[in-house]
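This briefing is meant to be read beside the sequence and the coordinates.

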Amino acid sequence: MKNILACVLSLFTFCSYVSGQKVQDFDSIQLYTLTNQSGVQVKVTNFGAIITSIIVPDRAGKMADIALGYHHVENYINAVDKPYFGAIVGRYGNRIAKGEFTLDGETYSLAVNNSPNHLHGGVIGFDKVVWEAKPIHGQGWQGVELKYLAKDKEEGYPGNLSITVTYKLDDSNQLSVDYHATTDKATPVNLTQHTYFNLKGEGDGTILDHELMLNASRYTPVDSTLIPTGELASVTGTPFDFTKPKAIGRDIGLKHQQLEYGLGYDHNFVLNRDGEGLSHAATVHEPSSGRVMEIHTTEPGIQFYCGNFLDGRLKGKSGRSYVHRGGFCLETQHYPDSPNQDQFPSTILRPDGVYKTTTVFKFSTK
Ligand code: GLA
């Protein structure tokens, strides 16, 4: 446990309510700080398995916190419009059409919390529960292992789902996220990490100048409620072409029906994968600071959301407002609404199977 500070956040120690419903006793909420030999620091709380902060150097060695978030847990609980800052979302990250799916002949109804659809696991998804946490470490890395048992019928989903998420920060500035889950009944599972990044530093304006490269030749166009139409469309010749690095803001204002539906980018991209295992998904470069983030994943898709719902009302850790498009998310995952779209890669976990995925965020400068 050397170098791992596990400190109880006094403000976290009270009972709290989400949507008027008592969720948990928050006595056990803690904050864990992972540090590596170059001073990179990642903070994680076991409330929602949230990454509250990621501090990395720019090309001159100046450190900044590049993850949007808060200092106090009440803010995570009470945030306007629930932006899911830094959290693990599930049991099904992203949308399920009309909050309904049929599995093995039985129809399940879920909360319609993003009308007319179900979003990010429901009213009290994995981002709003207390996880059991344990600091772990090895040669050249420090980590936190988080466990949560989602009960059968919790938020309407079938099966007791036993989940472990492990964050590890190593000396080469890689933050890896390993997901593992098993179930006692067939259930959809789609877990992802919902950190909002601003590589200039959280609260420092918009992310429109960040250059994004997505290793995706296709994406899943959506209807006006952000449910995929089922088509895997080519990005070629559209504002969705990020196959070569491009400023996020370059084409965002173009007239395109998909950009109208998403209010900007809020779409799943179909990753070009090189076989099994970790494969390059995205690279983001912020020109003024020189900071670079690379993402590798075992997942088939990535949701690129560029903070279209941020509107300056939320103030973050530095007291500055999170303006419209003041952060972006790159959520590695399966495609939205997969439980209702048989042609998409399956998200169904069965009792004889193991859910196992990994995503790695690597930080550097150029
Ligand atoms: C996801 C969704 C967005 C939005 C954010 C949270 O990324 O795709 O539409 O709901 O979460 O604000």
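This is a predicted model: local features need pLDDT of at least 70, side-chain atom pairs count only at pLDDT 80 or more; totals for chains, interfaces and linings use all residues.

A polar contact is a pair of N or O atoms within 3.5 Å, and within protein one of the two must be able to donate a hydrogen and the other to accept it. With that cut-off, the side chain of Lys 255 makes a polar contact with the side chain of Glu 260, at 3.2 Å.

**Two loop residues**

- Lys 255, which takes part in the contact with Glu 260, is placed in the loop between β22 and α2 (257-262).
- Lys 255 counts as exposed, because its relative accessibility is 76% and the term applies to values over 50%.
- Along the chain Lys 255 and Pro 239 are 16 residues apart, and their C-alpha atoms are separated by 9.2 Å.
- Asn 36 is found in another setting, the loop between β4 (30-35) and β5 (41-45), and with a relative accessible area of 7% Asn 36 is buried.

**The nine-stranded open sheet**

- Nine strands form an open sheet with antiparallel pairing, and their order is β13-β14-β15-β16-β29-β25-β24-β19-β22.
- The edges are held by β13 (132-138) and β22 (246-247), each of which has a single partner strand, so that one side of each is left without a neighbour in the sheet.
- Strand β16 (residues 174-183) is joined to strand β29 (residues 355-365) by eight bridges, the two running antiparallel, and here His 180 has Lys 356 of β29 as its bridge partner.
- Strand β29 is also joined to β25, by seven bridges and again in the antiparallel sense, with Ser 364 in β29 as the bridge partner of Val 292.

**Strand β24 and its two neighbours**

- Strand β24 (residues 279-285) is mostly covered, since five of its seven residues are buried, a term that stands for under 20% relative accessible area.
- On one side, β24 pairs with strand β25 (residues 291-297) in the antiparallel sense over six bridges, and His 285 stands opposite Val 292 in β25.
- The pair β24 and β25 forms a hairpin with five residues between the strands, and Gly 290 in the turn has a positive phi of about 80 degrees.
- Strand β19 (residues 211-214) is joined to β24 by four bridges, and these two strands run antiparallel as well.
- Within that pairing, Thr 283 in β24 is the bridge partner of Met 213, while Val 284 in β24 is the bridge partner of Leu 212.

**The ligand and its shell**

- The residues around the ligand are Pro 83, Tyr 84, Arg 95, Leu 119, His 120, His 194, Tyr 196, Asp 266, Gln 303, Tyr 305, Phe 309 and Glu 331.
- By type, this shell divides into six nonpolar, three polar and three charged residues.
- For Glu 331, a polar side-chain atom lies 2.6 Å from an oxygen atom of the ligand.
- Taken alone the ligand exposes 300 Å², and the protein buries 97% of that area.

**Cysteines without a disulfide**

- How many disulfides does the structure hold? The count is zero, where a disulfide would require a pair of cysteine sulfur atoms within 2.5 Å.
- For Cys 306, the closest cysteine sulfur is that of Cys 329, and because the separation is 9.5 Å, the two are too far apart for a bond.
- Seen from Cys 329, the closest cysteine sulfur is in turn that of Cys 306, at 9.5 Å and too far for a bond.
- Cys 306 counts as buried at 0% relative accessibility, and Cys 329 is likewise buried, with a relative accessible area of 0%.

Key. Residues are numbered from 1 along each chain as its sequence is written. Side-chain values use heavy atoms; hydrogens and water are left out. Buried means under 20% relative accessible area, exposed over 50%, partly exposed in between (1.4 Å probe, protein chains only). Two strands pair if DSSP finds at least two bridges between them. A residue is near a molecule or strand if one of its heavy atoms lies within 4 Å of it. Accessible areas come from the Shrake-Rupley method with a 1.4 Å probe; for residues, only the protein chains shown count as cover. Ala, Val, Leu, Ile, Met, Phe, Trp, Tyr, Cys and Pro count as nonpolar, Asp, Glu, Lys and Arg as charged, and the others, Gly among them, as polar.
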